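Today I am looking up a helix and some charged pairs.

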Amino acid sequence: MKYFFFLAVSILLASCRNNNTGSNTQNNILQADLQPSTLSIHEIFDSIQVIPLETTDSCLLRAPVKVTTGNNRNYILDWKSFQVFVFDDEGHFLHTIGKKGQGPGEYREVYDMIVDESRKQVKLLSPFGSLYVYDLEGQFIKQIRLPDKSNYQSMVAMGDKIITWTIPNGSDEPCITIVKADTGEEVNSLWKGPRILNSVAPGCFYTYHKKSYFAPAFHNNEVYEITEDSLLLAYKWNFGEDNIDISSYKFTFTDGNQAEEGRLLTLYLKENAIPYLLRSQYQNEKFFYAGLSYGWFPNLTLKNLFYRKSDGKSFLFKDTQEGILIRPEAFEDEYIMQFSFNEEFEAYQSVLAPEEYQKLMSRQEDDNPCLIKLYFK
């Protein structure tokens with residue numbers, strides 16, 4: 001049951017017509033096949049590490065939606081308590097960061113986090129337009145007011161600046177706002193477009209080799225590199241006959257039809273008239289990755305698309321031959337990190353060393369999920 005609740009929350013978090021785009025010299029067309037693959041986990045991953053997260057009343061995870069790793073720590077944002085829970089690399093609970101409330105350093109909700117180890121800070125994003133800044137031990141430093149925008153959803157660091165994503169009330173408002181990390185002052189804003197497309201798939205940023213990328217929903221499968229001045233086309237997926245042309249669905253995308261067309265878009269996804277949604281994207285030295293969702297909750301299927309850079313081979317799969325679900329929450333050059341829940345543990349028996357599998361078998365049903373670290377070959 002924990003897994004299905006997590007699945008619903010993750011889809012809500014997973015990103016538009018644009019007025020300031022260009023292309024760069026490393027533009028790639030990624031030819032990928034959306035026919036399902038039968039894949040062993042050993043095709044992509046070399047070894048697996050289990051991190052059983054300590055479970056007590058003070059560190060109970062109810063809706064973990066993001067993990068950031070670094071300096072032998074794992075920072076987990078929980079979307080039920082709206083706190084960051086910090087565990088070490090053996091799963092021991094260290095402390096929390098942030099708190100719901102009305103006092104100094106407290107807030108109603110936070111939707112995203114940035115861990116800045118160089119500055120020894122954690123920043124939490126409130127949908128109401130504030131950054132709450134703490135040190136790595138959870139001590140409150142300051143609150144930073146952001147530009148007056150609607151519905152702050154997600155963010156990513158870009159040097160001494162932060163890129164934020166909002167869901168505007170109308171198509172004339174930009175969705176991307178670049179601000180100074182220390183003051184919240186606006187540097188630039190980019191990307192306008194239909195609200196219903198911008199709202200169906202937030203969570204549109206990732207970082208690779210100190211560059212920030214933006215993957216919008218329903219925009220020709222294009223992924224952009226973000227600069228202070230513009231969006232540069234970095235690469236584009238080509239699924240052949242499985243490409244989606246959103247213009248063929250006869251939406252007007254006018255502000256006056258938002259509610260009606262929003263319901264229609266959801267219906268199309270539920271009935272598979274729109275066959276899939278690109279909900280998350282990453283890359284590392286070896287792979288491009290896209291997470292695709294088919295259908296709509298509760299009848300929702302998540303699939304993974306790995307595109308190997310060395311030979312252009314692509315793999316689309318829901319789970320591996322061994323029955324292991326792949327849901328990256330952190331995507332690094334060496335590994336991915338994901339949550340695994342009690343009902344999924346048995347699938348790991350054939351691929352884990354006995355001592356690693358015992359970590360799973362010792363868990364109780366109501367314990368926190370485990371972190372699974374899968375190292376690339």
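How many residues apart in helix H4 are Lys359 and Glu356, and about how many helical turns separate them? I note first that this is a predicted model. Lys359 and Glu356 sit three residues apart in H4, so about one helical turn lies between them. I looked up their salt bridge and found the closest N and O atoms 3.0 Å apart. Lys359 has 27% relative accessibility, so I log Lys359 as partly exposed. Glu356 has 14%, so Glu356 goes down as buried.

Next entry: other salt bridges. My count by the distance rule comes to 13. One of them joins Glu344 to Arg327, with 3.1 Å between the closest N and O atoms. This pair links distant parts of the chain, 17 residues apart: Glu344 is in the loop between strand S26 and helix H4, and Arg327 in the loop between strands S24 and S25. I find both Glu344 and Arg327 buried. Arg363 pairs with Asp367 at 4.0 Å between the closest N and O atoms, and these two are buried as well. I also noted a salt-bridge network that links Glu43, Arg308 and Asp311.

Last entry: helix H3, residues 258-270. Its 13 residues reach 18 Å from first C-alpha to last, close to the 18 Å expected. Gln258, Glu261, Leu265 and Leu269 are buried there. Looking down the axis of H3, I see the buried residues within an arc of 85°, so they line one face. Their cover includes helix H2 and strand S22. On the other side of H3, I have Ala259, Glu260 and Arg263 as exposed. Just after H3, Asn272 takes a positive phi of about 65°.

Note on methods: Residues numbered from 1 in each chain as written. Predicted model: local features only at pLDDT ≥ 70, side-chain atom pairs only at ≥ 80, totals over all residues. Heavy atoms only, no water. Helix = DSSP H or I, 4+ residues; strand = E, 2+ residues; numbered from the N terminus. Expected span 1.5 Å × (residues − 1). Buried < 20%, exposed > 50% of the residue type's maximum accessible area, 1.4 Å probe, protein only. Arc of directions from axis to C-beta. Contact = heavy atoms within 4.5 Å. Salt bridge = Lys/Arg side-chain N within 4 Å of Asp/Glu carboxyl O.
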